[in-house]
Amino acid sequence: MRASLIQIDVNEGESVESRRRRVASLVRAQAGADLVVLPELWTTGAFAYEGFGSEAEPVDGPTHEAMAKAASDTGVWLHAGSIPERADDGTLYNTSLVFSPSGDLIAAYRKIHRFGFDKGEAVLMGAGRDLVTARLPDTTLGMATCYDLRFPELFRGLVDAGAETLVVPAGWPERRRAHWTLLARARAVENQAFVLACGTAGTHAGVPQAGHSIVVDPWGEVLAEAGAGEEVLTVEFDAGKVAATREQFPALKDRVLGLETPRRP
């Protein structure tokens, strides 16, 4: 299986519409890939909170239209990163979209864990409630976004739902880049799954981005890692390695579920 992660430079001087056209062209340049992955909130910038409301769009809005056409023109499965979604009731969500090679929307995931504590995304956007997977011919994708990477129980749920390849679009800050690499490898090892983590380059609202998109195999080995700037990271991997790893080293079968929280004396 061949995957291309497009680490987009989100330049504040570039309009959303211009970036949308440019990213569609980058997707079309990945002919021959099976799966193309984009980062989190690449239309606005993950830390450009002031633009979330003005740039929010419905799931079937202009980004959907541009990415569906890019996927069908190129004949690839496209995880189009995430957009600021405005739902019918006006609530904003950080929503990831996955398109088939025919341009059909096959999955949408609203980010469950919102970053910012008492500001930014945490107060501006609603929280998703549902685990989402997407079945491809050779693997099942488990969908997570950026800050979700810090919550292993979400990934356990995705594995229980059949996920074999965990896809994590992100707008991860440079100052915590060491955590990015560590957590991506940890999620791969503990779930015996591939992790495809696609970040952004550039600076969002004064926050330098980590870049360093990464592909990790089920043993925690880094198959490929990008640098800090805009880059297309392409890697070929054997999706069947997940099943082989889980059979050779069946740690997931030894999980003990339903443990009770200790009572205070």
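Is Cys-146 buried or exposed? I found Cys-146 buried, at a relative accessible area of 8% (buried is under 20%, exposed over 50%, partly exposed in between, with a 1.4 Å probe and protein chains only).

Before going on, I noted that this is a predicted model, where local features need pLDDT of at least 70, side-chain atom pairs count only at pLDDT 80 or more, and totals for chains, interfaces and linings use all residues. Residues are numbered from 1 along each chain as its sequence is written, and side-chain values use heavy atoms, leaving out hydrogens and water.

Next I checked for disulfides (cysteine sulfur pairs within 2.5 Å) and counted zero. The closest cysteine sulfur to that of Cys-146 is in Cys-198, 11 Å away, which is too far for a bond. Cys-198 is buried too, with a relative accessible area of 0%.

Then I turned to Lys-111, in the loop between strand 6 (105–110) and helix 4 (121–124). Helices (H or I, at least four residues) and strands (E, at least two) are DSSP runs, numbered from the N terminus. Lys-111 counts as buried at 1% relative accessibility. Its side chain makes a polar contact of 3.1 Å with that of Glu-121 (an N or O pair within 3.5 Å, one able to donate a hydrogen and the other to accept it; residues adjacent in sequence count only if both atoms are side-chain atoms). Leaving aside residues up to four places away in sequence, Lys-111 touches several residues, including Glu-40, Asn-94 and Cys-146 (contact is heavy atoms within 4.5 Å).
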